[in-house]
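Hi everyone, thanks for coming. Let me put the structure up on the screen, and then we'll walk through a couple of spots together.

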Amino acid sequence: MKASRNSVLAVLAVVLVAAIAIGSRIMVWSGGEHATASIGGSFTLVDGDGKTVTDADFRGKWMLIYFGYTFCPDVCPTALSSVAAAMDKLSAAERFKLTPIFITVDPTRDTPAVMKDYAAAFHPKMVGLTGSEAQVAQVMKAYKVYGAKAKAKGTSEDATTYTVDHSSILYLVGPDGRFVAHFPHGTTVDDLTNALKKFLK
Ligand code: NI
């Protein structure tokens, strides 16, 4: 009786250890899957020349993606200036591996030509992308970007003067197209540069 009880306990102990081992393995797996599967993914948009492009066109290079709109009074210019400054602090070899991308959340006003000029004004390597309402909505959803038209200030009903409230986050995507890291608004140029250098080495 005593012997069989001990063997039952021994079996239970083995089962318990195995369960913990399997459980922690599953947690690691699901954690990894979750981190890569929840943000980013494929998109189809339109470049500054009016040509359709997809995420696959940027494979082989890192992408540093920012979402905003060209009429933005201060948030977007600040963020894009930081990207441009970080680009200039990278070595030529590091810079070669990175494509900074600005995707509009306001495709109505941000036409391909507008996006091309605006992105180029910040950095010659910066790519401005727009698209149809549906295309832009799709990529915003993939990157969990918030964007909502706000009412124009004052009493003007001018449909061209509205602002767009939007999240301000930089997304770093690897050469394989997988989301790797994000940088919150307000990340200093030095912090952004140093973080990029770690990935681009
Ligand atoms: Ni903005």
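I'll start with the metal site and then move to one aspartate.

Quick housekeeping: this is a predicted model, so to speak of local features we need pLDDT of at least 70, side-chain atom pairs count only at pLDDT 80 or more, and totals for chains, interfaces and linings use all residues. Residues are numbered from 1 along each chain as its sequence is written, and side-chain values use heavy atoms, with hydrogens and water left out.

Okay, what coordinates the nickel ion? We have Cys72 through SG, Cys76 through SG and His166 through NE2, at 2.0 to 2.2 Å. Donors here are N, O and S atoms within 2.8 Å of the metal (3.2 Å for Na, K and Ca), and with water not among the atoms, sites may look incomplete. Along the chain, the donor spacing reads C-x3-C-x89-H. Cys76 sits in helix α2 (residues 75-89) and His166 in strand β7 (residues 163-166), so this pair links distant parts of the chain, 90 residues apart. Helices (H or I, at least four residues) and strands (E, at least two) are DSSP runs, numbered from the N terminus.

Buried or exposed, then, for Cys76? Buried, at 0% relative accessible area, and His166 is buried too, at 14%. Buried means under 20%, exposed over 50%, partly exposed in between, with a 1.4 Å probe and protein chains only.

Now Asp106, in the loop between β4 (98-104) and α4 (112-122). Asp106 is buried as well, at 2%.
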